[in-house]
Amino acid sequence: MKITPLDIRQKRFDTAVRGFSRREVEAYLELLAGEFEEVVKENISLKEELRRAQLRIEQYQERERTLQETMVTAQRISEDLKSAAKKEAEIIIADAEHQAEKIVHGAHQKLVQVVEDINELKRQRTQFESQVRSVVEAHRKLLETFSGPSFADRDYARVEDNVAYLSQKKATHGE
């Protein structure tokens, strides 16, 4: 059974011949009822405060759970992003290496072509030099041929003798 301050105030005791002083008992019961009423009010207040505190604790716990879930999700997303970035970086690196290989291969092909062109130009130069030497040699021989005494200079006297002889023969035969 719960006792309330009102129960204390309304409690009446039977009177006995040698009993307690009625005023003192009533005054003490009134004092006790007042104190008990304060204790009950404080108890109700504390219970309400406890209820509000428990409600706040539940809210904080819910927030904590939400934060933990958010942190786990953020960590998972962060790891996923790192993994995706790493894969993308690997793809970019592989593509760059492939492009570099193509560039190096192209450069090598160009180098081979340039070396072949240089060799061809050297061959053509050698051939041209040989042809020029041949032409120069032919012209030199031709010049040597013409630089010596000419036919007219060498055989001039003989030609004059032949012309004179033929002129005489004509004159003797034709007369």
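**Second pocket**

I started with the lining of the second largest pocket, which by class has six nonpolar, two polar and two charged residues. My classes: Ala, Val, Leu, Ile, Met, Phe, Trp, Tyr, Cys and Pro count as nonpolar, Asp, Glu, Lys and Arg as charged, and the others, Gly among them, as polar. A note before going on: this is a predicted model, where local features need pLDDT of at least 70, side-chain atom pairs count only at pLDDT 80 or more, and totals for chains, interfaces and linings use all residues. Residues are numbered from 1 along each chain as its sequence is written, and side-chain values use heavy atoms, with hydrogens and water left out.

I listed the lining as Lys2, Ile3, Thr4, Pro5, Phe36, Val39, Val40, Asn43, Ile44 and Lys47. A pocket here is an open set of points on a 1 Å grid over the protein atoms alone, where a 1.4 Å probe fits, with protein on both sides within 12 Å along at least five of seven lines; lining residues have an atom within 4 Å of a point. I got a volume of about 180 Å³ for the second largest pocket. Volume is the space filled by probe spheres set on the points, with grid points joined across faces, edges and corners.

Which helix gives the largest share of this lining? Helix α2 (residues 22-147) does, with six residues. Helices (H or I, at least four residues) and strands (E, at least two) are DSSP runs, numbered from the N terminus.

**Largest pocket**

I read off about 280 Å³ for the largest pocket. Its lining includes Lys11, Arg12, Phe13, Asp14, Gly19, Phe20 and Leu29. By class I have five nonpolar, two polar and five charged residues there.

**Overall layout**

I find three helices and zero strands, in the order α-α-α. The radius of gyration is 69 Å, well over the 16 Å that the globule rule gives for 175 residues, so the protein is more spread out than a compact globule. (The radius is taken over C-alpha atoms; the rule is 2.2 Å times the number of residues to the power 0.38.) Along the principal axes, the C-alpha trace spans about 225 × 25 × 20 Å.

How much of the protein is buried? I get 3% of the 175 residues, where buried means under 20% relative accessible area, exposed over 50%, and partly exposed in between (1.4 Å probe, protein chains only).

**Coiled-coil record**

I looked up the unreviewed UniProt entry, whose annotation "coiled-coil region" covers residues 36-77 and 111-138. UniProt positions are in the numbering used here, feature names are shortened, and annotations may be inferred rather than shown by experiment. Residues 36-77 are 100% helix, with end C-alpha atoms 59 Å apart. Residues 111-138 are also 100% helix, with 40 Å between the end C-alpha atoms.

**Two residues**

I checked Phe128 in helix α2; it counts as exposed at 53% relative accessibility. Phe128 and Lys41 are 87 residues apart in sequence and 125 Å apart in space, C-alpha to C-alpha.

I then went to Asp7 in helix α1 (residues 5-10), which is partly exposed at 36% relative accessibility. Asp7 and Ala33 are 26 residues apart in sequence, with 8.4 Å between their C-alpha atoms.
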